[in-house]
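The following note collects points for a colleague who is looking over the coordinates.

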Amino acid sequence: MTKLIVGLGNPGDEHEEDRHNAGFWFVDALTKQLSVRFETEKRFHGTVAKAKWEGEDLLLLKPSTYMNLSGQAVGALCRFHKIIPADILVVQDELDLKPGTARLKLGGGTGGHNGLKNIQAHLSTLDYWRLRLGIGHPRDLVAGDGRPMDVADYVLRRPQLSEQKLIDASIKNSLQILSPFLKGDSQTAMMELHSKG
């Protein structure tokens with residue numbers, strides 16, 4: 001059975017270090033760990049890496065559609081490979097979690113995340129797994145003109161170095177629970193990850 005891990009983000013060098021690209025950072029780290037590479041797959045509107053995880057086929061996807069149209073890539077790849085929503089893990093940035101925090105869950109709402117909204121539109125369900133990587137919320141920050149920082153500005157900027165270190169640590173912690181998760185032991189994976197902060 002093929003499983004799919006989707007990292008959400010925006011393509012292009014100008015977005016590489018944006019907070020919104022935390023999902024890309026995760027799958028990039030995973031390809032290094034698995035010694036595989038992303039290759040452009042135009043029919044899937046993104047770049048795809050093919051790997052084996054303990055004998056099972058594992059696909060990694062980075063949509064190249066920009067965040068708001070992520071579902072185009074996810075839908076196309078899932079239809080072609082006949083992947084069901086329960087075998088999908090979408091890795092996303094999460095405003096409502098502090099940097100350094102990661103949470104794993106099945107289903108739930110979109111929380112206003114445009115990438116998740118578009119995936120829901122293409123899969124006709126919210127019943128897929130999400131790995132939420134905390135990036136913090138701009139509600140406490142002030143822009144250069146003294147007004148609260150806009151969410152769109154915040155997610156499209158690079159984190160401060162201290163935040164980046166925390167996000168990197170949450171990615172490392174998340175990679176460590178992939179083994180039980182991909183074996184189907186999601187309870188153990190969640191307990192281990194959620195105990196790390």
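Predicted model: local features only at pLDDT ≥ 70, side-chain atom pairs only at ≥ 80, totals over all residues.

1. R43 is partly exposed, at 48% relative accessibility.

2. Charged pair E54 and K183. The side chains of E54 and K183 also meet in a salt bridge, at 3.8 Å from N to O. E54 sits in the loop between β3 (46-53) and β4, and K183 in the loop between α6 (178-182) and α7 (186-194), so this pair ties together parts that are 129 residues apart in sequence. Both residues are exposed. Elsewhere, salt bridges that share partners join E41, R43 and K50 into one network.

3. Charged pair K62 and D28. The count of salt bridges comes to 10. One of them joins K62 to D28, with 2.8 Å between the closest N and O atoms. Strand β4 (residues 56-63) holds K62 and helix α1 holds D28, so the bridge ties together parts that are 34 residues apart in sequence. D28 is partly exposed, with a relative accessible area of 27%.

4. Is K62 buried or exposed? K62 counts as buried because its relative accessibility is 16%, and the cut-off for that class is under 20%. Leaving out residues up to four places away in sequence, K62 touches G7, F24, V27, D28, F38, G46 and T47.

5. Main nonpolar core. The largest nonpolar core has 33 residues. Those with the most contacts inside this core are I5, F26, L89, L104, L131 and L178. Helix α1 (residues 22-34) gives the most to the core, namely five residues. A second, separate core of 21 residues includes L4, V48, L77 and L123.

6. Contacts of L89. Which residues does L89 contact beyond its neighbours within four places in sequence? They are L4, I5, V6, L104, W129, R130, L131, L178 and F181. Among these contacts, I5, L104, L131 and L178 are also named with L89 as residues with the most contacts inside the largest core. L4, another contact of L89, is included in the second core.

7. Largest pocket. About 390 Å³ of space lies in the largest pocket. Its lining comprises 25 residues, and H20, L95, G112, H113 and N114 lie nearest the centre. At least two lining residues come from each of β5 (88-94), α3 (114-123), β7 (129-134) and α4 (151-155). By class, the lining divides into eight nonpolar, 11 polar and six charged residues.

8. Rolling a probe the size of a water molecule over the atoms shows where empty space is left. A search of the whole structure finds one cavity of 30 Å³ or more. The largest cavity has a volume of about 30 Å³. Which residues line the largest cavity? The lining consists of G100, T101, A102, S170, N173, L193, K196 and G197. These residues divide into two nonpolar, five polar and one charged.

9. Backbone at K82. Most residues other than glycine have a negative phi, and most peptide bonds are trans. K82, by contrast, has a positive phi near 55° and is not a glycine. K82 is placed in the loop between α2 (70-81) and β5. With 73% relative accessibility, K82 counts as exposed.

10. Backbone at S124. Where is S124 found? S124 is in the loop between α3 and β7. Its phi is positive, at about 60°, although S124 is not a glycine. At 67% relative accessibility, S124 counts as exposed.

Technical notes
Residues numbered from 1 in each chain as written. Heavy atoms only, no water. Core = buried A, V, L, I, M, F, W, Y, C linked by side-chain atoms within 4.5 Å. Buried < 20%, exposed > 50% of the residue type's maximum accessible area, 1.4 Å probe, protein only. Helix = DSSP H or I, 4+ residues; strand = E, 2+ residues; numbered from the N terminus. Contact = heavy atoms within 4.5 Å. 1 Å grid on protein atoms, 1.4 Å probe; cavity = no way out; pocket = protein on both sides within 12 Å on 5 of 7 lines; lining within 4 Å. Points joined across faces, edges and corners; volume = space filled by probe spheres on them. Nonpolar A, V, L, I, M, F, W, Y, C, P; charged D, E, K, R; others polar. Salt bridge = Lys/Arg side-chain N within 4 Å of Asp/Glu carboxyl O.
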